[in-house]
Amino acid sequence: TPPAEPPDERTMAFPSSYSPYSTPYTDTYNLHDSFYHGDYNDAPSLPVAELRGHDGPIHVVRFTADGKYCITGGNDRTVRLWNPTRIDPAYRPPRTTSTGNSAVSSQDYYRRQHQTKSLHDEPSKLPQHLPSALPMQTYTEGHMHPIHSITVNSTSNVLLSSSDKTLVATDLVTAQVKQKWWGHGGRIECVSCLGGSSSGTSGSGGGGGGSTSEEVYATSSYDATVRLWDSRSRSKDPLMILEEAKDAVTCVASGGEGDAQIVTSSVDGKIRTYDLRTAQLLTEDIRHPITSFSLGHDNTTIASSCLDGSIRLWDRSSQNNASRTKIFQRMRNVHKGGNYKLDCAFTSNDKYIFSGSECGAVVVYMVSSSNDGDGKARGTKLERHTGPTCSVATCPQSQRPWLALSASYDGSAVVWASQEEAEHCLEG
């Protein structure tokens, strides 16, 4: 099979023909009845808050490594830090709400809405206005272009963001730029901290505990390379350049095994695992352009989101291609893909896959233990956004698999919680 033709750069990130304020794309998919009969009670499925503050499309949303906070990056060239489970006391709902009183507090308005709705109401009956999550910090220094990729290190004190071809490291507390690196020939698509947990892999967990190798950052780019950078050095030259990809490298993450593995995905249809200890390269050929991937929290399962509108899962526990399990589940038909780069993410209990969609929905798929590669995955569509929802993230905390985030080109970002936790997950 010849390598896939690379999609247009504007198409995968922010197509010039798309306006976030135009009439949204709609389709005929409906929520599955099982969603309202308890099958997804523990999955992130109800919108509980919004992240308000960006001016224009929001390209990326991620949790911090400890799962307590989240960050967003937008077309307005800013990165913002939030507490997604705390209501902003300064926010006031608009006068157009049913209360008709702009003086009502955000906490009181939310409580009134929640008391008057049932967790099993149809989407049209759910609250039309959500409380605003608490904004904590805004980072603007060093960003000359829209933000397309962000992450933090495992100690949550360094923010990494990409501004076109430049990697920017910022102190998360003081908001001061610490260092910059450049050298890519195309826009950076993904940034990651190697070693320890990385929230730059579509919200998935992965990697071992913190270590000195976490001072090494990885960037993947449209120039078909992955570059490794040493934050402890004053040199602007990369430590290593990985050039095996034949097309744009869309995602990079630590692959577990301590600090030894780096996993990448590419538009050439391959996921590559670099073992730095043994100097080996394992390549899995999906035969479809890959826009992102997510590692299960045990690092044995991987989910890849492809431009053909499918999410493919397989077991990667074996160390050689010949004995690795073939694709055992395809997730499709509920979410729409084909023109945009869409994130997918395992919940922290590896029970569900959270995915974006071009139709503006967020889709929750149930992960099956079946090895039937042609089996249809059960999925539920969640309606809230009006533009393509390209970025999602799930909370990495093992005790909070019910919490997730989504961001859309319509300029909105939503906090999702499970039906079991929605009533009491927000703090006033």
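In the hairpin of strand 11 and strand 12, four residues lie between the strands, and Ala224 takes a positive phi near 70°. Strands here are DSSP runs of E, at least two residues long, numbered from the N terminus. The model is predicted: local features need pLDDT of at least 70, side-chain atom pairs count only at pLDDT 80 or more, and totals for chains, interfaces and linings use all residues. Residues are numbered from 1 along each chain as its sequence is written, and side-chain values use heavy atoms, without hydrogens and water.

Strand 12 covers residues 226-230 and is mostly covered, with five of its five residues buried. Buried means under 20% relative accessible area (1.4 Å probe, protein chains only). Val226, Leu228 and Asp230 point one way, Arg227 and Trp229 the other. In a regular strand the side chains alternate between the two faces of the sheet.

Pairing requires at least two DSSP bridges between two strands.

| Pair | Bridges |
|---|---|
| Strand 11 (residues 216-221) and strand 12 | five bridges |
| Strand 12 and strand 13 (residues 240-242) | three bridges |
| Strand 27 (residues 404-408) and strand 28 (residues 413-417) | four bridges |

Val216 stands opposite Asp230 in strand 12. Arg227 stands opposite Ile241 in strand 13. Ala407 faces Ala413 in strand 28.

Definitions and conventions. Buried < 20%, exposed > 50% of the residue type's maximum accessible area, 1.4 Å probe, protein only.
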